[in-house]
Amino acid sequence: MYHKSVTYLLQLTKDEINEFLNSFDTVLTDCDGVLWLNNNVIDKANLVMNRFRELGKKVFFITNNSSKSREEYAIKCKELNFKCDKEEIISSAYLAADYLKNCGFNKKVYIVGSTGITQELDNVGIKHTDVGPDVHCTTVPKLIEGIKLDQEIGAVIVGFDEHISFPKILKASSYLNNPDCLFVATNTDEQFPLNSEFIIPGTGTMVAAVQTCAGRKPHVVGKPNTYICEALVKEHNINPKRTLMIGDRCNTDILLGTRCGFQTLLVLTGVTTLNDVMEWKQSDSQDEQDLLPDVYLDKLGDLLPFLK
Ligand SMILES: O=C(O)COP(=O)(O)O
Ligand SMILES: [Mg+2]
């Protein structure tokens with residue numbers, strides 16, 4: 001309807017907004033920066049998502065955040081009053097485990113990441129290393145002396161790891177020195193959306209460290225990789241043209257929507273700013289044009305009055 005026009009939804013007439021709301025049957029929504037920031041719901045986002053469901057629309061939550069399993073996200077949604085089943089939540093930790101399962105992987109995984117990944121690997125019966133701090137306070141030669149590489153390791157998964165460290169980068173890169181060792185990244189988001197004076201390193205920071213040292217590029221399972229959406233379209237018989245992708249980050253959420261032929265709604269409560277978008281709108285680079293949303297809002301909750 002408003003293909004890549006960057007239309008501000010609230011400047012439309014009531015009828016035009018209703019026509020837009022009736023133009024999709026399925027909603028895929030990003031989480032961090034759209035629905036919540038950390039453990040705080042973003043103004044009325046839960047009321048809007050629950051109302052979409054009451055109006056008969058299919059709803060799926062697609063997050064690049066690998067720190068939680070689907071089960072843990074289902075608990076978080078319940079606590080924050082978002083109605084949803086575990087099967088409607090796709091986290092990048094789940095995607096990483098699903099990808100290795102589909103590859104018939106039967107060795108052990110070295111994880112740079114957290115318990116979202118260990119739980120999802122456990123769910124599919126894939127062996128893995130532990131997560132948590134791995135620090136060193138000695139010299140590099142002494143550190144290396146103390147490391148015995150595990151010969152069972154056949155893949156490295158890099159996800160969000162607040163305990164990222166020199167020893168972890170060294171070990172992951174050493175395993176990846178074997179070209180047969182798979183290199184999987186959950187996502188490459190550069191920073192976490194957190195409206196504060198601090199910049200929180202996103203998973204892209206951890207991935208870049210290992211990628212640089214290992215001299216190899218990972219297979220990235222999260223947005224904007226279309227892997228998950230192709231699976232959803234097939235499994236739930238979704239019509240891409242009548243699907244809305246809602247996101248706060250254009251180089252993952254909106255780009256995914258563009259690649260899958262979905263309609264796209266950008267909300268300004270997370271990472272991408274309106275200035276970013278207006279700069280891309282002036283650009284003649286196709287890559288930047290692909291980042292443009294169809295429509296945008298200051299926050300998802302602004303839709304509530306139109307969903308009566
Ligand atoms: O984990 C992130 O960096 C972003 O997560 P999101 O995809 O839910 O916005
Ligand atoms: Mg987000």
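User: Which residues does the UniProt annotation "active site" cover here?

Analyst: Asp-30 and Asp-32, going by the unreviewed UniProt entry; positions are in the numbering used here, feature names are shortened, and annotations may be inferred rather than shown by experiment. Keep in mind that this is a predicted model, where local features need pLDDT of at least 70 and side-chain atom pairs count only at pLDDT 80 or more, while totals for chains, interfaces and linings use all residues. Residues are numbered from 1 along each chain as its sequence is written, chains are lettered from A and ligands numbered from 1 in the order in which they are written, and side-chain values use heavy atoms, with hydrogens and water left out.

User: Is Asp-30 buried or exposed?

Analyst: Asp-30 is buried, at 4% relative accessibility (buried is under 20% relative accessible area, exposed over 50%, partly exposed in between, with a 1.4 Å probe and protein chains only).

User: And which side chain does the Asp-30 side chain make a polar contact with?

Analyst: That of Lys-223, at 2.6 Å. A polar contact is a pair of N or O atoms within 3.5 Å; within protein, one must be able to donate a hydrogen and the other to accept it, and residues adjacent in sequence count only if both atoms are side-chain atoms.

User: What about Asp-32, buried or exposed?

Analyst: Asp-32 is buried too, with a relative accessible area of 11%. Not counting residues up to four places away in sequence, Asp-32 touches Thr-63, Asn-65, Phe-192, Pro-193 and Asp-248 (heavy atoms within 4.5 Å).

User: Switching topic: how many aromatic pairs are there in the whole structure?

Analyst: The search finds 9. Rings of Phe, Tyr and Trp (its six-membered ring) pair if their centres lie within 6.5 Å; planes under 30 degrees apart count as stacked, over 60 as edge-to-face and the rest as tilted. One of the pairs is Trp-36 with Tyr-73, stacked at 6.3 Å centre to centre with 10° between the planes.

User: Where do those two sit?

Analyst: Trp-36 is in strand 3 (residues 36-37) and Tyr-73 in helix 3 (residues 70-79), so the pair ties together parts 37 residues apart in sequence. Helices (H or I, at least four residues) and strands (E, at least two) are DSSP runs, numbered from the N terminus. Trp-36 is buried at 0% relative accessible area, and Tyr-73 is buried at 2%.

User: Which edge-to-face pair does Trp-36 form?

Analyst: One with Phe-82, 5.6 Å centre to centre and 80° between the planes. Both Trp-36 and Phe-82 are buried.
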